[in-house]
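Walk me through this structure, taking two residues as landmarks. Start with what the terms mean, then go residue by residue.

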Amino acid sequence: MTDARAGSDPPVVLKLGGSLITKKDRPETLDEASLDAACDAVADALAAGDIDRLVVVHGGGSFGHHHASEHGVSTTEGTRDAEAVAAIHGAMKRLNARVLERLRERGVPAVPVHPLSLAARADGADGDLDLPLGSTATLLGEGFVPVLHGDGVATAGDGVTVVSGDELVVELATGLGARRVGVCSTVPGVLDSDGEVIREIDAFAAVADALGASDATDVSGGMAAKVRELLGLDAPAYVFGGEDLVPFLRGEDAGTRID
Ligand SMILES: Nc1ncnc2c1ncn2[C@@H]1O[C@H](COP(=O)(O)OP(=O)(O)OP(=O)(O)O)[C@@H](O)[C@H]1O
Ligand SMILES: C=C(C)CCOP(=O)(O)O
C-alpha cells in the first residue's frame, strides 16, 4: 500500500468554500468573480514558489447542497435512489469541472479526484470516513494539484450519504501530513457573538454558543461542524474570507487560527 506521508514535502490543503465560489441561494450558479479571484491567488502562489505542493478541496454551494436537500440527503441521512445519487454527484462534477478549467487556464496543473469513486463510511453514517489517499498522494508527487470536492459517499446500512469538503480536508490533512490547512469562505473568520473575528480557537466549548449553522441551504453542518473537525488536526488550520486568501497562501496568519 502507498504510504501517503512518505518521503515528500508536506502539502498545504486548501478548501474553497461553496459559499465563496457559488451563489448559494441560486441553484447551480457560480460566483464568477470570487472563483476567478481565488484561482488567481492559487496560480500566483504556485508561480511565485510560495507553495510547492497543494491539494484543493471545494464545497458544494448551490450545486451539491441544492440537489442533496431536494432529495433529503445529508451527512447523516442516506439514499438508496440511484437518481438522487446521480443528481448530487453530477452537480458536484459540473462544479468541479468549472473549477478545474479556471485553474488550468491559469497554468495550474489541476486534476480531479472524485470522492464517490474512492471513499466509504464502512461503519454507517456515524462511522469514520475511509478515504484512500494513494491516488492523491501519487498525483501530488507527480507535480499535479489534485482537486477534490464534497460528494456522495457509500455508507454501510444507509446507501449514499453526503461527505462534506470539510471532512475531506481533515482526512487529507491527517493522511498526507499537511503543513497548513486553509478553509476559505465568505466570512472573515469564526465570529464571536458580537460579530468580531475570534483570532484563535483551541477548544470547542469556548466558542460553542457563537457557532450557529450556515445561513444558506447546507446539508453538512456549517461553521460549527467545520470548527469541530479542524480542532482535531495536528497542522494549524485557518478559517478566513476571500480577502485573506493571498496572505494565507504566502504563509501568513489569516482570519481565525484553529489548533
Ligand atoms: N460563529 C460563526 N462565525 C462565522 N460564520 C458562522 C458562524 N456561525 C454560523 N456561521 C455561518 O457559517 C457559514 C460558513 O459556513 P458554510 O458551510 O456555509 O460555508 P462554506 O464552507 O463556504 O460552504 P459549503 O459548505 O457550501 O462549502 C457562514 O455563511 C455563516 O453564515
Ligand atoms: C452537498 C454536497 C454534495 C457537498 C457538501 O460539501 P460542503 O459544501 O463542503 O459541505
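The model is predicted. Average pLDDT for the protein chain is 92. A score of at least 70 is reached by 93% of the residues. For the complex, the predictor gives an ipTM of 0.95 and a pTM of 0.94.

Stay with Arg250. Its place is in the loop between α8 (245-249) and β11 (256-258). Is Arg250 buried, exposed or partly exposed? Its relative accessibility is 47%, so Arg250 counts as partly exposed. The cut-offs matter here: buried means under 20%, exposed over 50%, and partly exposed lies in between. Now look across the chain. Ile51 is 199 residues from Arg250 in sequence. In space, the two C-alpha atoms are 7.6 Å apart.

Next, turn to Pro146. This residue is found in strand β5, which covers residues 145-149. Pro146 has 0% relative accessibility and therefore counts as buried. Which residues is Pro146 in contact with, once neighbours within four places in sequence are left aside? Leu54, Val55 and Val56 are among them.

One distance remains. Ala210 lies 64 residues from Pro146 along the chain. Their C-alpha atoms are separated by 34 Å.

Technical notes
Residues are numbered from 1 along each chain as its sequence is written. Chains are lettered from A and ligands numbered from 1 in the order in which they are written. This is a predicted model: local features need pLDDT of at least 70, side-chain atom pairs count only at pLDDT 80 or more; totals for chains, interfaces and linings use all residues. Side-chain values use heavy atoms; hydrogens and water are left out. pLDDT is the predictor's confidence in each residue, from 0 to 100. Helices (H or I, at least four residues) and strands (E, at least two) are DSSP runs, numbered from the N terminus. Buried means under 20% relative accessible area, exposed over 50%, partly exposed in between (1.4 Å probe, protein chains only). Contact means heavy atoms within 4.5 Å.
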